[in-house]
Amino acid sequence: MRILITGFDPFGGEEINPALEAVKQLPDNIEGHTIDKLEIPTVFHKSKHVLEASMKQYDYDIVLAIGQAGGRFELTPERVGINIDDARIADNEGQQPIDECIQQDGAPAYFSNLPVKRMTEAIKANGVPARLSNTAGTFVCNHILYQLGYLHATQFPHIKFGFIHVPFIPEQVLDKPEKPSMSVETIRKGLNAALEAIIESDEDIKVALGETH
């Protein structure tokens with residue numbers, strides 16, 4: 001298999017993005033499968049164009065996007081992307097869409113077709129905190145997960161796609177004492193475990209990882 005894993009550039013006044021830093025540290029090959037890495041801009045729609053260009057260049061089996069979720073304690077595989085941009089802050093080109101549809105001809109939502117529960121449990125089994133998430137927010141992270149679903153539905157029916165959010169790293173919380181953090185190495189370890197779970201099987205496991213609220 002050939003796998004593409006992406007990380008966003010820094011945004012929101014941060015000088016570093018833990019998603020990108022952890023992606024850079026992943027190996028180029030896992031269990032004989034090629035791992036390609038791509039930096040994408042934290043910009044509505046441009047992020048999709050950059051990703052789509054790479055997907056057209058190579059025949060990927062899996063595309064997994066990684067993004068920063070400052071304030072979260074765990075790695076959180078995302079279950080679903082929704083068809084809405086509602087930006088609390090501007091993206092890296094100053095765009096701040098509010099209540100805007102991402103794709104007029106798209107579905108209300110697209111669910112990741114990766115084994116998200118298997119991934120979550122594999123991350124935890126490797127000693128890294130993880131939780132299945134049912135909301136990717138309404139910023140560029142949700143945007144790119146939704147766009148991946150749209151690309152799967154319209155151009156790349158064979159691909160498996162998904163998204164994982166990661167916490168801040170320690171250098172980002174020196175002035176945010178109330179925020180949790182995780183080392184880049186621990187994040188990388190968790191991402192590696194998720195990729196190994198995906199490679200092992202694309203069938204998900206039936207285990208209760210839902211939330212009551």
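How many bridges join S1 to strand S3 (residues 33-40)? There are 7, and the two strands run parallel.

## Basis of the model

This is a predicted model, in which local features need pLDDT of at least 70, side-chain atom pairs count only at pLDDT 80 or more, and totals for chains, interfaces and linings use all residues. Residues are numbered from 1 along each chain as its sequence is written, and side-chain values use heavy atoms, with hydrogens and water left out.

## Strand S1 and its partners

Helices (H or I, at least four residues) and strands (E, at least two) are DSSP runs, numbered from the N terminus. Two strands pair if DSSP finds at least two bridges between them. S1 pairs with S3 through 7 bridges. Ile 3 stands opposite Ile 35 in S3. S1 is also joined to S4, by 5 bridges, and these strands run parallel too. Here Thr 6 has Ala 65 of S4 as its bridge partner.

S1 is mostly covered, with 6 of its 7 residues buried. Buried means under 20% relative accessible area, exposed means over 50%, and partly exposed lies in between (1.4 Å probe, protein chains only).

## Aromatic pairs

A pair of aromatic rings is described by the distance of the centres and the angle of the planes. Rings of Phe, Tyr and Trp (its six-membered ring) pair if their centres lie within 6.5 Å; planes under 30 degrees apart count as stacked, over 60 as edge-to-face and the rest as tilted. The whole structure holds 4 aromatic pairs. One of them is Phe 11 with Phe 139, a tilted pair at 5.6 Å centre to centre and 40 degrees between the planes. This pair links distant parts of the chain, 128 residues apart. Phe 11 lies in the loop between strand S1 (2-8) and helix H1 (18-25), and Phe 139 in the loop between helix H3 (116-125) and helix H4 (140-154). Both Phe 11 and Phe 139 are buried.

Tyr 110 and Tyr 146 also form a tilted pair, 4.8 Å centre to centre with 45 degrees between the planes. Tyr 110 sits in strand S7 (residues 109-111) and Tyr 146 in helix H4, so the pair links distant parts of the chain, 36 residues apart. Tyr 110 counts as buried because its relative accessibility is 14%. Tyr 146 counts as buried at 0%. Phe 11, Phe 139 and Phe 44 form one aromatic cluster.

## Charges over rings

A charge sits over a ring if NZ of Lys or CZ of Arg is within 6 Å of the ring centre and within 35 degrees of the ring normal. The charged end of Arg 2 lies over the ring of Tyr 58, 4.1 Å from its centre. Lys 176 places its charged end over the ring of Phe 168, 5.1 Å from the centre.

## Gln 68

Gln 68 belongs to strand S4 (residues 62-68). It counts as buried because its relative accessibility is 8%. Its side chain makes a polar contact of 3.1 Å with that of Gln 172. A polar contact is a pair of N or O atoms within 3.5 Å; within protein, one must be able to donate a hydrogen and the other to accept it, and residues adjacent in sequence count only if both atoms are side-chain atoms.

Contact means heavy atoms within 4.5 Å. Not counting residues up to four places away in sequence, Gln 68 touches residues including Phe 11, Cys 141, His 165 and Phe 168.

## Positive phi

Glu 31 is not a glycine, yet has a positive phi of about 55 degrees. It is found in the loop between strand S2 (29-30) and S3. At 57% relative accessibility, Glu 31 is exposed. Asp 99, also not a glycine, has a positive phi of about 55 degrees. Its loop runs between strand S6 (80-82) and S7. At 56% relative accessibility, Asp 99 is exposed.
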